[in-house]
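Have a look at the structure, then read on.

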Amino acid sequence: MISLNIEKTLGFISKENVFAYEAQVKAAQEALENGTGKGNDFLGWLHLPSSITKEHLADLKATAQVLRENCEAVVVAGIGGSYLGARAVIEALSNSFTWLQDKKSGPVILYAGHNIGEDYLYELTEYLKDKKFGVINISKSGTTTETALAFRLLKKQCEDQRGKEMAKKVIVAVTDAKKGAARVTADNEGYKSFIIPDNVGGRFSVLTPVGLLPIAVAGFDIEKLVAGAAAMEKTCGKDVPFAENPAAIYAATRNELYKNGKKIEILVNFNPKLHYVSEWWKQLYGESEGKENKGIFPASVDFSTDLHSMGQWIQEGERTIYETVISVEKTQYSLQVPSDEANLDGLNFLAEKHVDEVNKMAELGTQLAHVDGGVPNMRIVIPALNEESLGGLLYFFEKACGISGYLLGVNPFNQPGVEAYKKNMFALLNKPGYEEESKAIQARL
């Protein structure tokens, strides 16, 4: 199971001060359980893993199979929490070079609706021109600009290329149960649809159909993913003693580090497949805690790649940072360093060693160097890159985020600041209903 080690933070903060959070953490856990804290209408994620039924998973898997059998490519249309969780799991579990292989075991998973890049969307639609493709449209409202714009393009292209009947079969909506443009479209067109629960916010939605359907389409085991999350739900439960509860300790440690001037948390991996887990984590913590002019800034690096770009700053820059390292215990494959008679690169001392042993020593050496350089380090160890481990890791971060936000004194489940850019964008584009804002913003330009 997943383990957390905070020993390398203890030269900077004390264990006593971390454990002094016990009462506050207990209060935060109870507020989550009893729904008495801020944002209590968005707590549906809390016991989601243990409440997912076999029937629900079977329905998702059956729909995924329809897409797998009828599509060479499936476009996941969504932004923020509507695609990052799915992408995190899919990229972590996929062969890094699947997209280059001629013979594929399932459809290529592509992403749209997470930007407004004209060239990106043109290149995507060009690529799809000779492909049997489907779309999973993920939007609670159906009016999020980036996703709605991409879906409008993809819906028309799918209908034009594959005909209205086949399009109906290979376009799936993941949206609100009753209201919104995407719900109306799904009902009118007869799309298969899944519900985003009202009480689960986007960044906490990876274990709803938002994440589970694309992950199943990619060919991964959503039952194992959910089982891993359900096991972590127990491990981080409200009655688990503070000292044995990894989510509680992580939340307390990061708040104590923040109190001591460590304003930036860098999530570190030594496995390139975890890149999108970091992207998902950045939204989870940034959108949950960045409020009321406070909150730890979430950053991320992929090591050892970024040791050759960001390593200098981390080693010797401003001492406002700490690192949380995700370490993967076992690799899936085995590869040994060969011996070379000439030894021009000087690497014969590594001959016959597994590549992962070299990577693990890079990890340990980096941790020691950064701690010596004044950077506290936490370490999260996961057994392997598989569905169970990832399900557990995602839930661990979610639970710790809820606790941490309450320790910080903010509402971890809203995102009022996200609306600011939208209002300006709509005013600049002269959207109907924004006439006054349009006048005001034109006067500023």
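Two strands count as paired when DSSP finds at least two bridges between them. Helices (H or I, at least four residues) and strands (E, at least two) are DSSP runs, numbered from the N terminus. The model is predicted, so local features need pLDDT of at least 70 and side-chain atom pairs count only at pLDDT 80 or more, while totals for chains, interfaces and linings use all residues. Residues are numbered from 1 along each chain as its sequence is written, and side-chain values use heavy atoms, with hydrogens and water left out.

**The parallel sheet**
- Five strands make an open sheet in the order β3-β2-β4-β5-β6, with parallel pairing.
- β3 (108-112) and β6 (192-195) sit at the edges with a single partner strand each, so one side of each has no neighbour in the sheet.
- From one strand to the next, the twist averages 20 degrees (axes are lines fitted to C-alpha atoms, for helices over the stretch in contact, and angles run from 0 to 180 degrees between N-to-C directions).
- β4 (residues 133-138) and β5 (residues 171-175) run parallel and are joined by four bridges; N137 stands opposite A173 in β5.
- Helix α4 (residues 54-70) packs on this sheet and touches β2 (73-77), β4, β5 and β6, with its direction at about 140 degrees to that of β6 (contact means heavy atoms within 4.5 Å).

**The mixed sheet**
- Another open sheet of five strands has the order β1-β10-β9-β7-β8, and here the pairing is mixed.
- β1 (3-5) and β8 (297-302) are the edge strands; each has a single partner strand, so one side of each is left without a neighbour in the sheet.
- β7 (residues 264-269) runs parallel to β8, with six bridges joining them; E265 has P298 as its bridge partner in β8.
- Helix α11 (residues 246-259) lies across β1, β7, β9 (321-330) and β10 (377-384), at about 155 degrees to β10.
- Helix α14 (residues 355-372) lies across β9 and β10, running at about 160 degrees to β9.

**A helix pair**
- The axes of α5 (residues 84-93) and α9 (residues 209-217) come within 8 Å and cross at roughly 30 degrees.
- That makes α5 roughly parallel to α9 (angles under 35 degrees count as roughly parallel, over 145 as roughly antiparallel, 65 to 115 as roughly perpendicular and the rest as oblique).
- A86, V89 and I90 of α5 make the contact with V210, G211, P214 and I215 of α9.
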